[in-house]
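Let's take a friendly walk through a protein model. Have the sequence and the 3D view ready, and follow along one region at a time.

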Amino acid sequence: MSEQLLDLGTPAPKCDGPMLDLEIDGRRLQVPTGTSVMRAAALGGINIPKLCATDSLDAFGSCRMCLVEVEGRKGTPAACTTPVEAGMVVHTQSGQLDSLRKNVLELYVSDHPLDCADCPSDGDCELQELALEMGVERSRYGCDGRNHLDAEKDCSNPYFTFDPSMCIVCYRCVRACDDIQGSFALTVDGRGFASKITAGQKEPFMESECVSCGACVNACPTAALNENSVIELGLPENSSVTTCAYCGVGCSFEVETRGDEVVRMTPAKDGKANAGHACVKGRFAYGYARHSDRITRPMIRDTIDEPWREVGWEEAIAHAARRLREIQQRHGVDSIGGITSSRCTNEETFLVQKLVRAGFGNNNVDNCARVCHSPTGYGLKTTLGESAGTQAFDSVAKADVIMLIGCNPSDAHPVFASRLKQRLRQGAQLIVVDPRATELVNGPHVRAAHHLQLRPGGNVAVLNALAHVVIEEALEDADFILERCETPAYESWRGFVLGNENSPERLQDVTGVPPGELRAAARLYAGAANAAIYYGLGVTEHSQGSTAVMAIANLAMATGNLGREGVGVNPLRGQNNVQGSCDMGSFPHELPGYRHVSDPQVRGLFEAEWQVELQAEPGLRIPNMFDAAVSGAFMGLYCQGEDIAQSDPNTRHVQAALRSMECIIVQDLFLNETAKYAHVFLPGSTFLEKNGTFTNAERRISMVRKVMPPKSGKEDWQITVDLANAMGYPMSYSHPSEIMDEIARLTPTFRGVSYAKLERYGSIQWPCNDDAPAGTPTMHVDTFVRGKGYFAITGYVPTSERTTAEHPLLLTTGRILSQYNVGAQTRRTENTRWAGEDLLEIHPLDAGERGIASGDWVGISSRAGATVLRALVTERVQPGVLYTTFHFPLSGTNVVTTENSDWATNCPEYKVTAVEATRVRGPSEWQKQQAQFNRRQQALLDKARATAD
Ligand code: SF4
Ligand code: SF4
Ligand code: SF4
Ligand code: FES
């Protein structure tokens, strides 16, 4: 076992200090100042017994198992809470210590079930291990005294059980919840013998503030907190390291299996994105992989009104290839295209765009970033020169001021939120720019210094006003600007931003933010030694999404907050591999590595490797594909792992486009909303069934490892290879590593990446090439990727989506913790216990005016359409603003959102829709029709399955 994976008992010291010499059990050691005796001993290969200590948590000193003797000192101090001193001589073994430890252990054993053989954690329990090691089989105190053996179990959580009879009250769970997760959901109730771990206000876990991250379960040294899967299936037998397939944090996990069954997903202690932490989705919500809704055999049909027909792989692929070629013969080479999946691996995404460009012969390829972070690509490339975030997640630990704009990490990027909260508890200050009062504005033990509660659509105005204050009050970093940025562009931006129209006072009508609050926030950000910006879809999904991203970059450049740890501009990417799918060229205008298709030199490289001539003109973006489909010019689509019918705006237009196409090929796990319009269904594989890599929001490329065979018989990349070959464009790979080798040959930022290197390093942040063979944690260190930083003019242009007498409220959308994106995965897990529907948040004033109470059905209508959701009356939203999510298809959230989009990238304006809300009694017309359509499509699927069986 590597040193990193051994439990060293206490964490590494937080501050750098001189090395100290000491002696433990006759061994001379040298360790940094601040190291505990326990850690020093462990580093020297000496094991001191412990129960309450673990190196992911600060020492607590409650169990008294780790007593040692220190020469020249009286008594027997606890090794976990005693820091080393220069010249210290420590003894960890003696008759006295042995007797003291055994005595303590016997006391624990006297109040613990002695049926280890029947315990689900038999063989994975630190108490059992210690008892065996110390030869303690039973207790001299007997087990007949007062005890907790009949204490009632808490089985309320679907994923883990708390059995107090196994609890040794070591506080590890409480400390994990406080220090790692930051939820403060657990306490110790009572004193002495009566001490008992309780959730919330002595509630069941499910009713407390617990967010089911599993940190307490991880920390528990006994079976007191245990995964239900371990209780049901037994301890795992094998383990591999893989990467979470949910959000863009990209947590690293040990996936532990027994045969082909996943028993447990445990966050990898040495995972660089998550450092041993996880959230409820990655940790527990993997059951969808085995769900009976999985489609595992290819299916075809001629029209969507016919039943599906299950066929073999060969027939399905040949049919798909023939249909696509026929369409091209009839409608032209540009009449088909593909959508890559940001849930699939880099290698799979690369192959889909290669198939489109080289096999289809056009550039009609796009991905879900079109509807999320395409403005990030545009905005950061324009200003800084690279379409990606600037930092590693670790960097937040060095930030003094953190500005969150349009993001809610507690729900959407929970493991990053935990890291952020740790930093806030250490004293960093927080500015939240968001229309809603998210958890971080006023959460347990964290509070934002400033909440700029702007109106939806006001981002650019707020950012310009912040920059105005920076310049007006001479808070800029003049040296940084002079040395690192283009002077003429800066001068003209400076003139622009200083204009009175950008003052907080003049913009208050637009932003809704009190000028004094905004000025104070600007001073706080600009005055910090290190200030970092993290932003999300609340910035990008606007008609001025790209402008807002550039305004963020301007603000960071103006204050010198780029190019080192603790600062930067950090987009929190949504899907697990959306960064990767963008890197891999899933855009109609860019080849892998963000190089424009019109560049003949770049095209030449790909043409030489792929042995085909490539189009020099950008292809269709997703919304253009829909428009072209409706007008009859775009007739065939290969859609891998993306549910455009649910996730894209203006659902009725999307549905009309899908109905217009002659052949839609969906490659996915389930009959999702898009597949209901499909003519060919190619069953995809989950992240557990394939090899490859994902790239997270910090540009970190991490391995995905196969732990079970694909249920359909093929990994997704193999399906694309087969389709390419059937279409007459030859592809041949025997393993995804060969695809990565091709990516590295063709992409300068990936030139140094290989599977061998990933195995060696664990993960790598691109750029990784001759200049940075081990990758690049922080970008733009001495110079920007584009050379000098570019200040773009970011004039505020109000969205055309305004409130009117007919639509007096603004609807904005977002995510919740337990569900993920379109919910295809999380809706097929126990996560529905936390949220079984999308709710409409409405302020008490607006609700009162309309006679709406929590739980009522509310009709929301916009100029695009209408739907019905259940109300949640809350002050989290401001008056005039409604908020909902889009995790459940029948909610029809995107029936209401409009076709408005970002001026530069067409990213939809999900965050601003003018609506009216009224109390209603039943579903909308669209919901009724959709429910009927769903029943029909399910029946057609059931028929196919019944025929095949
Ligand atoms: S699961 Fe997470 S949030 Fe819940 S009690 Fe345990 S550590 Fe706290
Ligand atoms: S539940 Fe586990 S971690 Fe928590 S106090 Fe009990 S034994 Fe320790
Ligand atoms: S934070 Fe994101 S990557 Fe990490 S476990 Fe949760 S969903 Fe997975
Ligand atoms: S391990 Fe040191 S007191 Fe528990």
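## A hairpin of two strands

Strand 10 and strand 11 form a hairpin with 2 residues between them, and Gly259 in the turn has a positive phi of about 60°. Helices (H or I, at least four residues) and strands (E, at least two) are DSSP runs, numbered from the N terminus. Strand 10 covers residues 252-258 and runs antiparallel to strand 11, joined by 6 bridges; two strands pair if DSSP finds at least two bridges between them. Across this pairing, Glu256 stands opposite Arg264 in strand 11.

Why is strand 11 (residues 261-267) described as largely enclosed by the rest of the structure? The reason is that 6 of its 7 residues are buried (under 20% relative accessible area, with a 1.4 Å probe and protein chains only).

## How to read this model

This is a predicted model, in which local features need pLDDT of at least 70 and side-chain atom pairs count only at pLDDT 80 or more, while totals for chains, interfaces and linings use all residues. Residues are numbered from 1 along each chain as its sequence is written, chains are lettered from A and ligands numbered from 1 in the order in which they are written, and side-chain values use heavy atoms, with hydrogens and water left out.

Now look for an open sheet of 4 strands, with the order 2-1-4-3 and mixed pairing. Its edge strands are strand 2 (27-32) and strand 3 (69-70), each pairing on one side only. Strand 3 pairs with strand 4 (residues 89-91) in the antiparallel sense over 2 bridges, and here Glu69 stands opposite His91 in strand 4.

## Around the ligands

Which residues come nearest to ligand 2? Of the 14 residues around ligand 2, they are Cys167, Ile168, Cys170, Cys173 and Cys220. A residue counts as near if one of its heavy atoms lies within 4 Å.

The residues around ligand 3 include Cys244, Cys247, Cys251 and Cys279. Helix 7 (280-284) and helix 12 (414-425) are the elements that give two or more residues to the shell around ligand 3.

## Two packed helices

Helix 22 (residues 622-630) and helix 24 (residues 651-660) pack at an angle of about 60°, with their axes 8 Å apart. That angle makes helix 22 oblique to helix 24. Angles under 35 degrees count as roughly parallel, over 145 as roughly antiparallel, 65 to 115 as roughly perpendicular and the rest as oblique. The axes are lines fitted to C-alpha atoms over the stretch in contact, and angles run from 0 to 180 degrees between N-to-C directions.

How values were computed
Buried < 20%, exposed > 50% of the residue type's maximum accessible area, 1.4 Å probe, protein only.
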